[in-house]
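Below is a briefing on a single structure. Look over the chain first, then read the points by topic.

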Amino acid sequence: NNFYFNKYRWGIVLITCVCLIGVWLFKKEIVRRTGLSFAMIGILFSLCITICTGARVFGWDEQIHYNKVVDLGYLGDYEPNGAEEILIANVAPDYNTYEEKAASIAALNQIASYEGETIHKENWGITFGRIPFVLPSIGYKLVGSLNMGFNRTFMLGKMFFTMIYIALMGIAIWRTKRYKILITCIGLMPTSLFLASSYTYDCIIIACAMLGFVLWMNEILEPDKRIKTSNLLLIIGLFSFASLSKAIYAPLLLLIFLFNKNKLGNKKNMWLLRGIACGVILALLATMLLPTAANTIANNVDYGGDKRGGDTGSVRQILSILNYPFQYIKLLVKEIFSLDNFRNFGDAKLDDFIFLNLGFLSFGKYGTIPDKYVVILLPILFLAILGEKRRGIKLSKFQMIFYYIVLGLIVVLIWSALYVQFTVVGAEQIAGVQVRYYLPITVPLLAGLPLKKWRVGYKESTIY
C-alpha cells in the first residue's frame, strides 16, 4: 500500500482548522464585523468546493445553466469546444479517486482544443430568465481568453457566481437590523455554499431576495420615517431581479403594500407605489404564464412540459386542473403539508431524509448528509433565532395576516409551477419540489413568528 498526499482533503482540513482558530481568537471582531467574517469564511469554503468538484456538473440541472452561460458569450453562431459539449450533454465520466480526477482533468483540457458542432443563434439569446447569467457569462468569456486550460476556466467561471452571492449576502448581513446571526447561519449552510459554487441562478435568487427583504425589514421597523428613494428603488429592483428566472417569487413585491402613507410621504404616493408593484408583479408572472395561457386557449396540447422527457405537458396539465379544480386544491393542500415530498430527485430510496437536511445539508448529485446531523443543525438554527437580542418585525395583526398570505402565495406558486411543468399529467402527487426553493423565503417565514417572549442567553462557556 502506497501513501498519497491528497491535497483536496488536506485543503478542507486546513481551511476548517483556520476558520475554527480564527473564530476562537477573534470572537469580538467576528461579532462586530459579521458581514466581513461571513464573506471571508464563505469564500474559503466555496473555493474549496469549487476546487474539489473541478470540471464536473454536480448541481441540480447544472449542465442546463452552464449551457446558458456558454451560449450568452456569443453574439451569433458559434462552435463550443469539445469539453464544453461534454459537460453540457452531462456525459463526462465519473471519478472517485485522486488519480481518476487527474486523468479526467487532463482529458478535458485536451478535448477543449477541438471545436464542436456549430450552434445557430437567431439573436443574442437574452431573455428575462437568462439575465442573471449575463455577468457570469462575461466573466467566463474573459477567463477563457486567458488560455489557462479548460479545468481552471470552468472553475473560475463558477467563482463569478460565488462572488455575486457573497457580495450580496455580505451586504445584507451588514445592513440588517434584525436576525444578523440567522442570516449568517443560513448563508453559510452547506447547501447554500454548494449552490454558490455551481453554475446556477439559485444562489443569485437567494442573495437578491435576502438583501431585498433586509432593506424592506429595516424600513418597516421605522414606519413613520420617510423612506429614501434609493432604498425604495433597491427593494423593488432586488425583488424583481430575484423573480426574473423564477417568477414564483414575484409576490415578494406585495410586501411594499405594508408601507404606510407616512413612510411614502402621502397617500397619493402610497397608492401610486402599490399600482407600480402590481404592474411589475403582473409583468413578471406574464413571462411564466402568458405563453402557457396562449397555447391553452389555442388548444396546443403539445406545448410545455419537462424537456428531459416523461408524459408531461403544461397545457394538458392546466386543462386537467380546469376540469378537476377541487381535486387539484385537495392535492395541493395535501402535498404542501406532506413533508414526504421534499426530495432532491424524487426517489424515496435515494434521498429519504429529514427535510431540514435536504434544505441545508444537501449537495445535489453528491448526496445528502445523514439525518443524525440534524442533532447539530437544529440547535444552531434554534440559537440563531432565539439568541438574537432584537427580534421580530413591527406589524399589526392585520398586517401580519397579509404578510403570511404573501408568503403562502409564494409557496402555492412553487408547488403549482412544479405540478404544471414537471409532473406527469393527472398525477396524484407533485414531483420535483425541493427544499432549496424555500431558501429565499426562509428568513421572512421565521421573522414573522411571535417569539418575542422567548429568549436564549449564552456566554462563552454557558447556555442558560
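Tyr 179 sits in the loop between helix 8 and helix 9 (180-187). Helices here are DSSP runs of H or I with at least four residues, numbered from the N terminus. This is a predicted model: local features need pLDDT of at least 70, side-chain atom pairs count only at pLDDT 80 or more, and totals for chains, interfaces and linings use all residues. Residues are numbered from 1 along each chain as its sequence is written, and side-chain values use heavy atoms, with hydrogens and water left out.

**Loop residues with positive phi**

- Tyr 179 has phi near 60 degrees, a positive value in a residue other than glycine.
- Tyr 179 is buried, because its relative accessible area is 2%; buried means under 20%, exposed over 50%, and partly exposed in between (1.4 Å probe, protein chains only).
- Asn 90 also has a positive phi without being glycine, near 55 degrees.
- The loop that holds Asn 90 runs between helix 5 (82-88) and helix 6 (98-111).
- With a relative accessible area of 30%, Asn 90 is partly exposed.

**Helix packing**

- Helix 3 (residues 34-53) packs on helix 8 (residues 150-175) at about 160 degrees, and their axes are 9 Å apart.
- Helix 3 is therefore roughly antiparallel to helix 8.
- Their crossing is right-handed, a term for the near helix being turned clockwise from the far one by less than a right angle (left-handed if anticlockwise).
- Helix 4 (residues 62-71) packs on helix 7 (residues 134-144) at about 70 degrees, with axes 8 Å apart.
- That angle makes helix 4 roughly perpendicular to helix 7.
- The crossing of helix 4 and helix 7 is right-handed.
- Axes are lines fitted to C-alpha atoms, for helices over the stretch in contact, and angles run from 0 to 180 degrees between N-to-C directions.
- Under 35 degrees counts as roughly parallel, over 145 as roughly antiparallel, 65 to 115 as roughly perpendicular, and the rest as oblique.

**Salt bridges**

- The count is 10 salt bridges, each a side-chain nitrogen of Lys or Arg within 4 Å of a carboxyl oxygen of Asp or Glu.
- Asp 202 pairs with Arg 436, and the closest N and O atoms are 2.4 Å apart.
- Asp 202 is in helix 11 (residues 202-220) and Arg 436 in the loop between helix 19 (397-422) and helix 20 (442-447), so the bridge ties together parts 234 residues apart in sequence.
- Asp 202 and Arg 436 are both buried.
- Glu 219 and Lys 263 form a salt bridge at 2.8 Å, N to O.
- Glu 219 lies in helix 11 and Lys 263 in helix 13 (residues 261-264), so this pair ties together parts 44 residues apart in sequence.
- Glu 219 counts as buried at 9% relative accessibility, and Lys 263 counts as buried at 1%.
- Glu 222 and Lys 225 meet in a salt bridge at 3.9 Å, N to O.
- Glu 222 counts as partly exposed at 31% relative accessibility.

**Surface**

- Ile 21, Trp 24, Leu 25 and Phe 26 make a nonpolar surface patch of about 490 Å².
- Patch residues have over 30% relative accessible area and no salt bridge; like charges are joined within 9 Å, and nonpolar side chains (Val, Leu, Ile, Met, Phe, Trp, Tyr) within 5 Å.
- Accessible areas come from the Shrake-Rupley method with a 1.4 Å probe; for residues, only the protein chains shown count as cover.
- Trp 24 belongs to helix 1 (residues 7-25) and counts as exposed at 61% relative accessibility.

Conventions
Helix = DSSP H or I, 4+ residues; strand = E, 2+ residues; numbered from the N terminus.
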